[in-house]
Structures are given as C-alpha cells and as structure tokens.
Amino acid sequence: MHQARALHSLQCISTPHFNRTNHYYHPLRRNTQYPCFHLTSFSLFRELKVCASSKQQPPDIKFENGDDEDELLLQEKVSCVDDGVDLGWLPAFPHVLTASMSNFLFGYHIGVMNGPIVSIAKELGFEGNSFLEGLVVSIFIGGAFIGSIAYGSLVYKLGCRRTFQIDTVPLILGAIVSAQAQSIEEMLLGRFLVGLGIGVNTVLVPIYISEIAPTKYRGSLGSLCQIGTCVGIIASLCLAIPSENDPHWWRTLLYIASVPGFILALGMQFSVESPRWLCKAGRLDEAKKVIKNLWGSSEVDKAIKEFESVIKNDGGDLDSSWLELLEEPHSRVVLSFFLYGVLDTHTSWCKMCHNLLSADVATIGGALFVLQQLAGINGVLYFSSLTFKDVGISSSTLATLYVGLTNFAGALCALYLMDKQGRQRLLVGSYAGMALSMFLIVYAISFPMDGEISNNLSILGTILYIFTFAVGAGPVTGLIIPELSSSRTRGKIMGFSFSVHWVFNFLVGLFFLELVEKFGVAPVYGSFGAVSLLAAAFAYFFIVETKGRSLEEIEMSLNPKFQGKRNSE
C-alpha cells in the first residue's frame, strides 16, 4: 500500500506583447496600437505555452554595468559535444551517486516491511491486529511529514553536506532501535525516527542534485533519485527472502538498514557543497573551486555572476521565512487566473504573465504531488499483488519484485529521456500513458471476455501503468519543482510540496481499500484514469520547460523583480 515512492486554437483578437516574428513573448514591449487587453483564459495559456517552449530564449536582461558580457547571462547554453565520448557528467556523478544513497535508504525502508511484518507482529505481540500492523508500516509517513517541514532550518544554516550527515543520525538510530525492539512502542519509535530522516532527505536530495549538476545533465542526474529508490526496494525484497523460513530474520534486515546511513555520512565528507549555497554564504573562493571542478573552468565567471545577480535582486535564502510563501510572488493561486480569465486593464500584462509562472510555484508543486497521489500509484501498487495472483503468481514478494523491476526499467528510460525530450513532455506523456493503462484495466474488468484474456489485460495495464509512472510522473515531479523555484525560497517550496505529498500519500493508502469495497475496482481505477488525464492537462498548461537552462536563467526569466529592473532602465 505504501510503495508509492518505489516507487512527476482560439487566438485572442489582440495579444499586445506577443512578437509574431520570432514567436517569443516580450513582456516589456508594450503595444501602442492596441492598448486594450482582449483576453480569454485560453489565449492566456497560449501565450504561456509559447513562453515555455524549450527552443526559445529567456528575455535579455541588462545589468547595471551594461556590459555586453552581462547581457549574455541569460542566453541558452549551447552544448557542444566532441567527436569522442561525452563525459561532461562524470565529475558530478560521484557526488550525485553519494546523495542518491538517501533514496536507496528510502526504497529499502519501503520494501523492508513488505514480507516480515507478519513475523514482527507475532514476535512483538500484535498478531492479528490489522490497525497496528498498518501503523508499523506507515508511521514513517508522519515522521517524513515533520522532516520535510523541518528541512529548511537546517540546510540554510549548515549547507547540504552537513545536513546530509546530521540527517543520518535518525536514519541509523531508527534502524537500530527497530532491529532491537522488544515491544510495539519501540518499533513505532524506530520507524518514526526513520521517517524523520527520510522526510529531510526526500526534500534535500533533489535540491542538492539540481544545484551541483551541470545544466546539460541536470535532468539525467536528477533521475538517479528514482533509480536509487527502485534499487533500494529491490534490494530489500531480495534480502527478505530468508524471512520466509527464519522468523527472526527481520532483525537482521533492520540492522542492514543502518549500513547505508554510515556510507552516506562518510561519503558526504568527501562530497562537494552546493556552489549556490557557498555563494549565498559569502564563500566565493570555495564556490569557484566547486564550479571549476564540476562544470569546467570556462563556467566559473559566468556562473558566479549569475549567482550574485540573483542574490542581489531576490536576496539569499539564509534570511528567508515561511511567511514569504504567503506573499507575492510565491503564493497566488494559479486557478484563480483561469477562473477569472479577464485581467484588469490597469495591470501590466508582463507582471501578470510572469507572476502566473513564477509566483505560484508553491501551488504548482503542491498540485503536482496531489495529482500524482490521486492518480492512484499507491492503490495500484497495493492491488498489483492481487492482480498477479489471478495469473498464478501467488508470492506477494515475487509480485512486488516484478513491480520493482518494471519501475527500475522506467527510471532508466527517464534517465535517458529527461534531457532529450524535456520535463513537460515526459510529464504529459507519462500521465497520458497512466490514464490509458487505467482504462485498459477497467475495460478488462467491466466487459465480458475470456478469463485468461481479462487477467492478461489486467497484468498488461498494471505493468504499463507502473512503467509510464516511472518514466515521468515519478522522477520529473521532484525535479522540476526546485528548477522552477526561486533561489530564496527553493527549500521552503520543496518542503511544502513534499509535506503535501506525504499527507495525500497517507490518505490514499488509508481509504483505498474502503473505496474498492464500496464501489468496486473498476470505478476506482476509472477515477484514477480521469485524474491522470487532468494531470496531463495541468502539466501541458502550467509547467514551463526547463531543459537546457540554468537555475539562474530560469529564475531571471520568470521573476518580475528582474523585469522591473530592466523596466526602470
């Protein structure tokens, strides 16, 4: 049940600031011939769609010194691959791999309770109590919720490396406490501590990877999060095989869970700090050294200028607060623009357009995770074991292993496609595939046909659903939110988004079986398919393509403060 992570035209009559020559939206070029706004909500999205295209450049921004070099800060990077093998990702790979050990731990703790829970319940004296069994499996969600909220106060002061190392304490301690538990209370305490560490890591890892990875490879390296989770689940399932014959093997499994924590703590001692955090903390020499080692010496000056420009205009996150998420430009509700459709003629089109894209990242992040969970990944993963039983695979461990391998295959495809096809296209295609899979299962269940054919279609739909989820909805969701977030509030927006994820993860897991018993499998799966279609539409209209653009380029092109600076000049 809780394996979710094993796991994101009617042209308006007049478009005043749309340059039809190069098909790029120029927010500051006011149309004097047609001073009035004639808008529909559809035309608004059409404008944004043009702005989001990966082939377009962000608007040129002139900085105070007016040098030609500064004017090029926002130009899209042109990646030139030599005739030989392209190894530009290699310098950052060891650091990303070390951070992905956190995701391995996450996946391991998801799968570790899948088989041994019966032996644990029997030994600790709560056998037959389905509520306590479910609580032992899912209490880490409560810890993860708290951990995702608490993340910001640590990383802003200590940086990513030290936060990783401190976070291994509850992960290691929780695993050992669980392994040595002699009562249900001790087991719950251990699982809660593990959840606390997982909550911090699920927020920290995507941010760390996005901030140290070269722009060209940020998507592919970010996909290692999903791959690490899949490998962790598969490892826990393989190691759990002896538990079928040894009722005390679960203690060994939980002791093993502490080992990756030690590896992570040691590995982070030799890993680099985020150059963006170093720049915010005033440690420019260290930031330059990291950039030179990971991105190349040719990127040092340009990157530092971008960092400093963002910090100067938007401030650093070292003094940001949660209340800023309630203020513009961080928290306007996206759908309000869709519902109203018509904008006040006294409001700058530029400001409204950019606020729609940049101001609502917290809302977009939360919405992406809500849609991800309501699309039914928790329920499908839980019900997949029953689907496999219908075709003769009675072992739940074996069925879960098949699911894990499918997830892993999808994550490998995401690794290859992320920086080639782009985030938005993967999200739309992923949710469309998930919807098709759900409707295929509904068809197999609802219409009379041969039993073997029906079972095979159900298996095909389940495998296709999990695969398409792993290609887009799984890895993209966690990656694109820090890409769209401003430097000042990136951590807090991620914390908020993941806290929403954990809440809906818990709710879907809690009510899924009850809904199936009341309405049946077909209506529930049909609703999952409908939500998947809604998620595909949401990604198409609201997600801006970030492929091939640095985090600073994205922020400068979306943040009204930079536009205001240019307008004042």
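A nonpolar surface patch of about 810 Å² is formed in this predicted model by F145, I146, I149, V503, F506, L507, L510, F511, L515 and F519, where a patch comprises residues with over 30% relative accessible area and no salt bridge, nonpolar side chains (Val, Leu, Ile, Met, Phe, Trp, Tyr) being joined within 5 Å; a salt bridge is a side-chain nitrogen of Lys or Arg within 4 Å of a carboxyl oxygen of Asp or Glu, and accessible areas come from the Shrake-Rupley method with a 1.4 Å probe. Two or more residues of the patch are given by each of α5 and α21 (490-519), helices being DSSP runs (H or I) of at least four residues. The largest share, seven residues, comes from α21, while I149 lies in helix α5 and is partly exposed at 33% relative accessibility (buried is under 20%, exposed over 50%, partly exposed in between).

Residues are numbered from 1 along each chain as its sequence is written. Local features of the model need pLDDT of at least 70, and side-chain atom pairs count only at pLDDT 80 or more, with side-chain values using heavy atoms.

A search of the whole structure finds 12 aromatic pairs, defined by ring centres within 6.5 Å, with planes under 30 degrees apart counted as stacked, over 60 as edge-to-face and the rest as tilted. One of them, F164 with Y208, is edge-to-face, at 5.4 Å centre to centre and 85° between the planes. Because F164 lies in helix α5 and Y208 in helix α6, this pair ties together parts that are 44 residues apart in sequence; both residues are buried. By contrast, Y443 and F447 are partly exposed, and their rings form a tilted pair.

Technical notes: Phe/Tyr/Trp six-rings, centres within 6.5 Å; stacked < 30°, edge-to-face > 60°. Buried < 20%, exposed > 50% of the residue type's maximum accessible area, 1.4 Å probe, protein only. Patch = residues over 30% accessible without salt bridge, like charges linked within 9 Å, V, L, I, M, F, W, Y side chains within 5 Å.
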